[in-house]
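I opened my notebook to look up a few side chains and their neighbours. Here is what I wrote down, entry by entry.

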Amino acid sequence: MHKRVFLQACAATTLAAAVHPLVHAQATAATAAAAGASAPPGPRHTLSGTSSEGKPVALTDFAGKVCLVSFFTAGCALCTNELRLMREFYTNNRQRDFVLLGVNMDEKSTDFMQYIELLKVSVPAEQRFPIAWRNAAGHQDSFGAITRRPTHFVLNRQHQQVLRREGNFQPTDWDDLWASIA
């Protein structure tokens with residue numbers, strides 16, 4: 001991925017959010033809340049791989065923490081906007097038993113690494129979170145097929161799925177996430 005493509009994606013985020021208002025979500029907890037009932041958490045997820053820094057990363061590294069796992073591609077304008085918002089949330093809440101974990105789904109490792117290099121020069125170190133490349137040798141996770149970018153999973157402290165959101169995170173998703181780490 002080229003710097004120009006990255007910058008165009010950043011500039012297009014507002015337009016993308018306005019043009020693409022339809023969001024597909026699978027939220028067991030939200031559906032149950034709308035019905036007035038409390039649904040049990042979904043499946044317990046696993047993930048292990050290598051971070052963009054070449055270090056092992058796994059969900060087990062974050063035992064007892066609420067996790068937001070976001071699947072994205074580097075050239076996706078909607079993804080870029082979502083990750084900016086998530087980075088802000090992460091920065092403000094990482095001291096509260098919360099972790100943000102990005103999973104890049106680019107086909108080529110060169111696109112992934114160019115994206116990481118751009119982050120190094122454009123995002124302050126304290127705002128960076130672990131990012132793994134899903135197509136790397138040895139990467140394993142239990143999140144299944146991801147057909148839409150971005151796709152986000154909120155996992156409770158036992159790493160059970162409490163939300164799957166395809167597309168934009170909704171205002172109520174942020175509220176629920178904040179309440180889950182309170």
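I began with phenylalanine 143, which is buried at 4% relative accessible area; buried means under 20%, exposed over 50% and partly exposed in between, with a 1.4 Å probe and protein chains only. Phenylalanine 153 is buried too, at 1% relative accessibility.

A note on the source: this is a predicted model, where local features need pLDDT of at least 70, side-chain atom pairs count only at pLDDT 80 or more, and totals for chains, interfaces and linings use all residues. Residues are numbered from 1 along each chain as its sequence is written, and side-chain values use heavy atoms, leaving out hydrogens and water.

Next I looked up aromatic pairs: rings of Phe, Tyr and Trp (its six-membered ring) pair if their centres lie within 6.5 Å, with planes under 30 degrees apart stacked, over 60 edge-to-face and the rest tilted. I found nine aromatic pairs by this rule. The rings of phenylalanine 143 and phenylalanine 153 are 4.7 Å apart at their centres with planes at 55 degrees, so I noted the pair as tilted.

I also checked phenylalanine 169 and tryptophan 174, whose rings pair edge-to-face, 4.7 Å centre to centre and 70 degrees between the planes. Both phenylalanine 169 and tryptophan 174 are buried.

My last entry is serine 70, buried at 0% relative accessible area. Its side chain makes a polar contact with the side chain of histidine 152, at 2.8 Å. Such a contact is a pair of N or O atoms within 3.5 Å; within protein, one must be able to donate a hydrogen and the other to accept it, and residues adjacent in sequence count only if both atoms are side-chain atoms.
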